[in-house]
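Subject: Structure handover

Hello,

Here is the structure I promised to pass on. Please open it first, then read my notes below.

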Amino acid sequence: MGGFNMADDLQIKLYAFTLDCRNPYELAKFYAALLGWEIAFHDEEFACVGAPGKAQGAYPGILFQKNAQHEAPVWPQTLGTQQQQAHMDFAVNDLEQAVRHAISCGAKPAEKQFSDSWRVMLDPAGHPFCLCSMKPVIDSPEFALL
């Protein structure tokens, strides 16, 4: 690898994946319901969800940041429209049950799908995310949900 070595006292850890949205608390409630997670904190500008029973930062969370001008991305991407910058993939052991659960939490299936192994969903703010059928991975001894 390159010639850079991290200093012994420097610590870097993934804390959260951040999504812009118009209403952080409402989107936090959606993801908390979808994942069975807890809302670690919220105010007018930010909200954060994390794994239940974990100290904040012990496990990466999802942070929601207020952006009054947020525009939902167009998916699939279309030239000349708002583009997605990133999306989250969630491993599931039962794809159809996960889709039903996501819809009950407030998500919508994207109109266009590309695989029988995953479903592209849109959260209430319009961010795409994928529910991925990964039962063989989830059942392997190397995989840990928490």
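Against which elements do the buried residues of α2 pack? They pack against α1, β5, β7 and β8. Contact here means heavy atoms within 4.5 Å. Buried means under 20% relative accessible area, exposed means over 50%, and partly exposed lies in between (1.4 Å probe, protein chains only).

First, the ground rules. This is a predicted model, in which local features need pLDDT of at least 70 and side-chain atom pairs count only at pLDDT 80 or more, while totals for chains, interfaces and linings use all residues. Residues are numbered from 1 along each chain as its sequence is written, and side-chain values use heavy atoms, with hydrogens and water left out. Helices (H or I, at least four residues) and strands (E, at least two) are DSSP runs, numbered from the N terminus.

**Helix α2**

Helix α2 covers residues 95-105. Its buried residues are Leu95, Ala98, Val99, Ala102 and Cys105. Seen down the axis of α2, they fall within an arc of 125°, so they line one face of the helix. That arc is taken from the directions from the helix axis to the C-beta atoms. Arg100 and Ser104 are exposed, on the face turned away from the buried side.

Both ends of α2 can be described. Asp94 caps the N-terminal end, with a side-chain oxygen 3.3 Å from the backbone nitrogen of Glu96. A polar contact is a pair of N or O atoms within 3.5 Å; within protein, one must be able to donate a hydrogen and the other to accept it, and residues adjacent in sequence count only if both atoms are side-chain atoms. After α2 comes Gly106, with a positive phi near 125°.

**The sheet of four strands**

Four strands form an open, mixed sheet in the order β5-β8-β7-β6. Strands count as paired if DSSP finds at least two bridges between them. β5 (88-92) and β6 (108-109) are the edges; each has a single partner strand, so one side of each is left without a neighbour in the sheet. β6 pairs with β7 (residues 118-122) over two antiparallel bridges. Lys108 has Leu122 in β7 as its bridge partner.

Two helices pack on this sheet. Helix α1 (residues 24-35) touches β5 and β8 (128-133), and its direction makes about 25° with that of β5. Helix α2 touches β5, β6, β7 and β8, at about 5° to the direction of β7. Axes are lines fitted to C-alpha atoms, for helices over the stretch in contact, and angles run from 0 to 180 degrees between N-to-C directions.

Ser115 sits in the loop between β6 and β7. Ser115 is buried, at 17% relative accessible area. Its side chain reaches the backbone nitrogen of Ser117 at 2.8 Å.

**Strands β1, β3 and β4**

β1 (residues 16-21) runs parallel to β4 (residues 61-66), joined by six bridges. Leu19 stands opposite Phe64 in β4. β3 (residues 46-50) runs antiparallel to β4, with four bridges. Cys48 has Leu63 in β4 as its bridge partner.

**Cysteines**

How many disulfides are there? The count is zero, where a disulfide is a pair of cysteine sulfur atoms within 2.5 Å. For Cys21, the closest cysteine sulfur is in Cys48, 12 Å away, too far for a bond. Cys130 is in no disulfide either; the nearest cysteine sulfur, that of Cys132, is 5.3 Å away. Cys21 is buried at 1% relative accessible area, and Cys130 is buried at 7%.

Best wishes
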